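Here are my notes for a colleague who is meeting this structure for the first time. Please read them with the sequence and the model side by side.

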Amino acid sequence: KIRAVITAVGGYAPDYILDNHELSRIVDTSDEWIMTRVGIKERHILKGEGKGSSDMAVKAVEEIFRKTGTQPDEIDLVIFATVTPDHVFPASANILCDKLGIRNAHGFDLNAGCSGFLYALDTASKFVEAGAKKKVLVVGADKMSSIVDYTDRTTCVLFGDAAGAVLLEPGEGEYGVIDSILRSDGVGRKYLKMEAGGSVNPPSHATIDARQHYIFQDGRHVFKYAVSNMADVSVEMMKKHNLSGEDLAWLVPHQANMRIIEATAERMGLDKSKVMINIERYGNTTAATLPLCLWEWESKLKKGDNIILAAFGAGFTWGSMLIRW
Ligand code: ACO
């Protein structure tokens, strides 16, 4: 059986750091509230080094090219997970390919909220396992600051900008993507959304006045679904493969709220030392959280490590993936 193996990871977070103290001068909030309820200290915001999500993605992919010596024309598929594409169309994948000189690939965007990278990695792995593609870039990049309402304290403290990417190649044996369980439920569409800008509510003065081009989130509802679903699907993966907490080297959870991460790890019987957590320094970077974790932890990963990736996001969408490194 051909398996899809992650052979390199790249990441990028912009230079500008927006910390809780600066935010507390913009809206009625405090470092203490944000740290206790969410666990975020600071987030990166794209200001000078480009304008869109693709500019951050370029940096993450360039790192992969540098590290592996891969040439742009060797890439045969690009999947770009994002909720903040450069434009509604063309796809940011196409823009990324153009900026990087990738000419022999097909590419498309994938929107699954904060589960976008997980969905994209699953999709990409199927192309590799089928023998159809040999060098695939899976990108998660979001410029959340472009859709965050900095007058809404319930959402503006949560999000940051970043990009992450992996190179996926064929391998044999028991290494690589082993399994994934993906779910979605449209019940979530009313709790987490950007109301306008699409075909139902095209941009107008009315939608702008109603602040409908920003993220809307009913945090309490989303929290309730996130905490149970992310844990359920991770435990389901462990049971399916007969794995205990001992057998797992790492959990890579979506970074939306420290309390959700801790509850998931607890349900899985995992010690916190085995959980990749960087929410304090980046906040929720949506499609970028999982590859950004892999990027930061890459040097600690050992061949044969059992790793579970888990995510939950807008839609609702959620899922888990088992990777043997
Ligand atoms: N500073 C100070 N007070 C605040 C702030 C803030 N930044 N934000 C809200 N509050 C207040 C509220 O107004 C409320 O006050 P009230 O009781 O007087 O009405 C109080 O704090 C409690 O508000 P809750 O919304 O109940 O706070 P909660 O503990 O639920 O935390 C949070 C909010 C962090 C948003 C949490 O609900 C959460 O993490 N939800 C899940 C997020 C998530 O997983 N999203 C999915 C991925 S995102 C994607 O797909 C794009």
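1. N242 has a positive phi of about 55° although it is not a glycine. Most residues other than glycine have a negative phi, and most peptide bonds are trans. Helices (H or I, at least four residues) and strands (E, at least two) are DSSP runs, numbered from the N terminus.

2. Residues are numbered from 1 along each chain as its sequence is written. The model is predicted, with local features needing pLDDT of at least 70 and side-chain atom pairs counting only at pLDDT 80 or more, while totals for chains, interfaces and linings use all residues.

3. Two peptide bonds also deserve a look. The bond from F89 to P90 is cis, with omega near 0°, and P90 lies in the loop between β4 (77-81) and α4. A cis peptide bond also joins G315 and F316, with omega about 0°, and F316 lies in the loop between β12 and β13 (317-324).

4. The ligand is surrounded by 24 residues, of which the closest are T29, G113, G219, A256 and G313; a residue is near a molecule if its C-beta atom, placed from the backbone, lies within 6 Å of it. By class, this shell has 13 nonpolar, 8 polar and 3 charged residues, where Ala, Val, Leu, Ile, Met, Phe, Trp, Tyr, Cys and Pro count as nonpolar, Asp, Glu, Lys and Arg as charged, and the others, Gly among them, as polar.

5. Which elements supply at least two residues each to the shell around the ligand? They are α2 (31-37), α6 (153-156), α8 (219-240) and β12 (306-313), and α8 gives the most, with 5 residues. Domain 1 (2-174) and domain 2 (178-324) both give residues to the shell, so the ligand lies between them; the domain bounds come from an automatic or database domain assignment.

6. For "active site", an unreviewed UniProt entry lists C114, H254 and N284. Although these residues are spread over 171 residues of sequence, they cluster in space, with a largest C-alpha distance of 8.6 Å. C114 is found in the loop between β5 (106-110) and α5 (116-129). UniProt positions are given in the numbering used here, feature names are shortened, and annotations may be inferred rather than shown by experiment.

7. The unreviewed UniProt entry also lists residues 108-186 as "domain: Beta-ketoacyl-[acyl-carrier-protein] synthase III N-terminal". That span is 23% helix and 41% strand, and its end C-alpha atoms lie 23 Å apart. The corresponding "C-terminal" feature is placed by UniProt at residues 239-325, where the chain is 29% helix and 23% strand and the end C-alpha atoms are 19 Å apart.

8. Helix α3 (residues 53-68) and helix α4 (residues 92-100) pack at an angle of about 50°, with their axes 10 Å apart. That makes α3 oblique to α4, since angles under 35 degrees count as roughly parallel, over 145 as roughly antiparallel, 65 to 115 as roughly perpendicular and the rest as oblique. The axes of α8 and helix α9 (residues 258-267) come within 9 Å and cross at roughly 30°, and α8 and α9 are therefore roughly parallel to each other. Axes are lines fitted to C-alpha atoms, for helices over the stretch in contact, and angles run from 0 to 180 degrees between N-to-C directions.
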